[in-house]
Structures are given as C-alpha cells and as structure tokens.
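Hi there,

Have a look around first, and then read my notes below.

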Amino acid sequence: MAEEEVEETHVRFHEMGLDDRLLKAIAKLGWAKPTLIQERAIPLALDGKDLLARARTGSGKTAAFAIPVIQRIIISKQTAREQCVRALVLTPSRELSNQAHKYIQDLSSSCSRDVRCMDVSGQVELSAHRPLLMEKPDIVVGTPSKVLAHIQAKNLALQNSLEMLVIDEADLLFSFGYEDDLRSLLNHLPKIYQAFLMSATLGDDVLSLKKLILHNPVILKLEESQLPESNRLTQYHIKCKEDDKFLLIYTLIKLRLIRGKTIVFVNSLDKCYRLKLFLEQFSIPACVLNSELPVSSRCHIVNQFNEGFYNIVIAADENAFDVPAMDSDEKTDSDQRDKRKTKKKEKKSKYKKDKEYGVSRGIDFQNVANVLNFDFPPTVDAYIHRVGRTARGFKTGTALSFVNYSEIPLLQEAEKALSDGDVPTVKPYQFKMDEIEGFRYRAKDAMRAVTRVAVKEARLQEIKAEILNSQKLRTYFEDNPRDLQLLRHDKALHPAKVQSHLRHVPEYLVPRTLKQFMPKRKKRKRYSDQKPSQGKKDALKAVKRRQDDPLKSFQFKKPKTS
Ligand code: AMP
C-alpha cells in the first residue's frame, strides 16, 4: 500500500475550485481561511484520493471531509440522471452524527435543494425514517448500527449508488463496540468508492480500519502539537485543598475572573449536581451534562450552549475513567441480543449511563472562552480532550485546572507530556488565596444547604424532567421546532433552599486589586433626584401656561360686605 508524503502548500478556499454556493456558505460561517487539515485534505479529496487524516481535536476535521463531499455531489448531480444516496458518513455516537449533520447542512445551506443530508441516528423507530430515506437523500449520516439496521430493513440501499464513505472519529468506533456492525455494513457497499478516515489518534484499531476500508490512501499526519499554541491557548493551574475548590469557583466567577462561555469538568455525576446546587445558592445559573441524561437532551443542551443560551455547563466526564464498551440504548437489531444479556445488570441502576457519551471527545462546543478542570483529569489524553474544547478553529481560550494534593502527580504527568523544553506549559495562576478569605464563610454557608439528600433529589428531578421533555414532547417539537428553543436546561433545581442574600458580593469583600474590574452597583435614585415623567411635565407646562395667561389666571375676589 503506497503512502504519499505531502508537501506543504498554502491554498485558500476560493483557490480550491469550489462551487460558488459552497464558498457563500463558508463565508456565512465566517471562515476566512482553511485550517491546516482543510488546506491539506480538501484538494486531495477533490482529486479523488482516499485519505487517512490524523488531526487534533478542534482542528476543523468535520469541514475537511464535508466540503469535498458536498462539492463532489454538486458535480455528480450535474450529469446524473437519478437521485440516489451518494455519501455515507459514519460516526461513533448520536451526538457526533447530530453534529456532522448540522455542519453539512450549514455548508450546503446555499444549495440545499441540490444537496440533501439526513441523520438517521435519532432514537426513533426505523419506520419513522423510512419515508425520508425512500426519497434518497444525497448524504446519510449515522452510527454503523443504525445504518446497518436500515439496510437490513430495506429502507436504504447503497450497493449501486455509494460514491463516498466517511468515518469520523474513527479511533472511537471500535472502542464503542461497532466493529461487527461495521464489518457487516461493508458487505452492503459497492466495490469501489472513495473513503476518508478521520481520527485524533492512529492506534491499532485505526490501522486495521485503514486496511479494511482504504485503497492506496494518502496519510496526513499533521505536524501539529496536540493542543493549540500558547499564543491561542493559555493553561493555568491552582493548587488548593479539595474543599477550597468550591470557594475558588464561586469567587472566580463572582469576581469576574472567569468570564464568557465556560465548561466546568468534574469527574463524577454526584459532583456535577453538587456543584450546580452550590452555584445556585449564589444565583449563578449553570446546566449539567452527563451520561444519564437522554441523548436528545444532551444534543439540545450543546446546541443551545453553542447558540449562547448558557454561559456555564458543568460536564461530568466520568468516561475518562471507563473503557467505553457497547452499552447504548440506541443500538438496534444486532445489539438486541447483547442488550438482553445485560438487562439483568441494568435493572440494578434505575437510570442507565450511556457509554457513548464522551463529552470531552468530538463534541463541538463553540466559542468556549474557558475550560475549568474542577477535578483534574485522570489521564493526559483526558486532559488534552477536555482542554481542546476551547481555542478551536482560530479562536483563543484559557484552561484552568484546580489541583488538590492527591492530584499533583497527575498535573506533573500532564506537564511532562505537554512541556515545550524548559518552559512550563501549565503555569501557576497568580492568585492569593488569603485575599478571598472573606468569602469563605459565605461558601460554607452555601455548602451547608447542599446536602446529600438535596444532591440525590436534584439528580432524580433533573433526569425525570429531561426524560419527560425528550419523550413526551419529541413529536410536538418536531412540528414546532421554534418552541424547543424555549425549553431551558439551566433552571434552578431548588432542592436546596436558595439564600437570596448570597446573590450579591458586598464591596468590602472584593480584594482591592480587583475593585476596578467589578461592575458598579446601580445606586437607587432618591425620589427628589428622579426626572419627572412626560405626563408630569405636560401637567406642569399646562399650569405655567395658565399662570402666564392673564385671562385664565385672573381671579375675581368678591369684596367683603360689612
Ligand atoms: P471540528 O474539528 O470539525 O470539530 O471543528 C472545530 C471548530 O473549528 C468548529 O467550531 C468549527 O466551527 C471551527 N472551524 C472549522 N473550520 C474553520 C475555519 N476554516 N475557520 C474558522 N473556524 C473553523
């Protein structure tokens, strides 16, 4: 199998020979120039080459395959006589399918009549997708098991039509247990098609996929560091006691040292709710994201976060500890056997965790200003994936990690793996703990309300509400997509009593050095300071007019009679 080394070139979008409508959609997304992976992959893909691309998280991988797929479909359709499914995009989870679908729709927004894309990964019955699949959308996106199920149900036929196959986040595909489904699916594809494998790592699984799928591929191993350069991504840590992490996050947010869209990573589900309830005590709204929530809620939360509805998401990254395995409620036919086997086990826990949920991998949270590791991630890989949620594309961002004494070895490991010579990559955050001592009693006060029972109740309440939202309202929201925007996920849970006096930070608590950054509290106007309203002004004018007019102001006084 020949592997080409690729020379460095600099090509702009408009020099790639792309259709005007595609260029228009790219401009609409505000992308001025291609990212490195796009610059390299798009021309090769347009040339008809098979590609194996390794690029770090946030590098613009999705558009690197989506742009050539759309372009090639536009060209094919200029001469094609019949409508058929020409491209298949496989992803390892519903969230990633949802995201790839959204990107393809954005990129084909100016040619949506010619290029139609359908996501078949949703949690609906196969028959619900059948009518749309019968119309043969140009691009089908989904997980291998859902696509295979549709092929087996004869809702989808690719044998005579498929021109392009994309496997996104290929390294996760095998570890999520899709190997058998993928192998069966390949039997339903034509002999010749162009294939793209996109992956963050090139491990053994990806290399075996490469043998299975690619023919004479060009291998793009981009000479990039694992995280963005230090001029775009600033990494800090604060060493502190475990209990002080709560005090720290509260003060950093209230003192506006953390501003903008922030993802807070914790290592457990319980901590996720504890932190939400704790922040609620200070009227700091946040929504939680974890593997117990239904997938439609998770997708909705990510979409709304991207649209700017929320500033703080608390994400439980429990999967950083587990090896993901096949255990997803969305898997279909071929998984039913395994499902039955594990049914007994599942009965034990009321709400099942979705192992496909990998919040730190793949999911594109947009415009994230800060990543805050409330708990330090257990592996260097987990650190990279979490921190990679910020400074994506060409943006800048900050990563801050709280490190308790037992987590110091993990920090040292990450520093060693990421260090650039003698320069420390994860710098200590210049912050004097004694300056925020005054906040301690407030944090303790708030913490007293966040009891175990409150956390348990909050967890149940949230899951129940989300399940209700996602199941009962799904059909309604399908017909009324605008109303879905009104459904918020950061509402206060309130199993703990909220103390309204904690909402504001009294001025005397603010460290002198930070006073200038605090917003000025509006002074209440005294009644006498207030400007008269328009109605009052008119009344005063009328009185004055009357006083100035002698005919009106003349008053006749009756002479007194003796
Ligand atoms: P991805 O690696 O595909 O998940 O993309 C990471 C982020 O980069 C997404 O938020 C994209 O919107 C953004 N992005 C992709 N391509 C570009 C580009 N050429 N210019 C600016 N941002 C981009």
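Which pocket does the ligand sit in? The ligand sits in the second largest pocket. Please keep in mind that this is a predicted model.

Now for the surroundings. There are 17 residues around the ligand, and Gln38, Gly60, Thr62, Tyr103 and Arg392 are the closest. Sorted by class, this shell holds 8 polar, 5 nonpolar and 4 charged residues. Both domain 1 (2–73 + 80–221) and domain 2 (233–323 + 352–515) contribute residues to the shell, so the ligand lies between the two domains.

If you zoom in, you can look for a few polar contacts. Gln38 places a polar side-chain atom 2.8 Å from a nitrogen atom of the ligand. On the backbone side, a polar atom of Gly60 is 2.8 Å from a ligand oxygen atom, and a polar backbone atom of Ser59 is 3.2 Å from an oxygen atom of the ligand. The ligand taken alone exposes 500 Å², and the protein buries 89% of that.

Happy exploring!

Key: Residues numbered from 1 in each chain as written. Predicted model: local features only at pLDDT ≥ 70, side-chain atom pairs only at ≥ 80, totals over all residues. Heavy atoms only, no water. Near = heavy atom within 4 Å. Polar contact = N/O pair within 3.5 Å; in protein donor to acceptor, adjacent residues only side chain to side chain. Areas by Shrake-Rupley, 256 points an atom, 1.4 Å probe, with all protein chains shown as cover. 1 Å grid on protein atoms, 1.4 Å probe; cavity = no way out; pocket = protein on both sides within 12 Å on 5 of 7 lines; lining within 4 Å. Sits in = over half its atoms within 2 Å of the grid points. Nonpolar A, V, L, I, M, F, W, Y, C, P; charged D, E, K, R; others polar. Domains from an automatic or database assignment.
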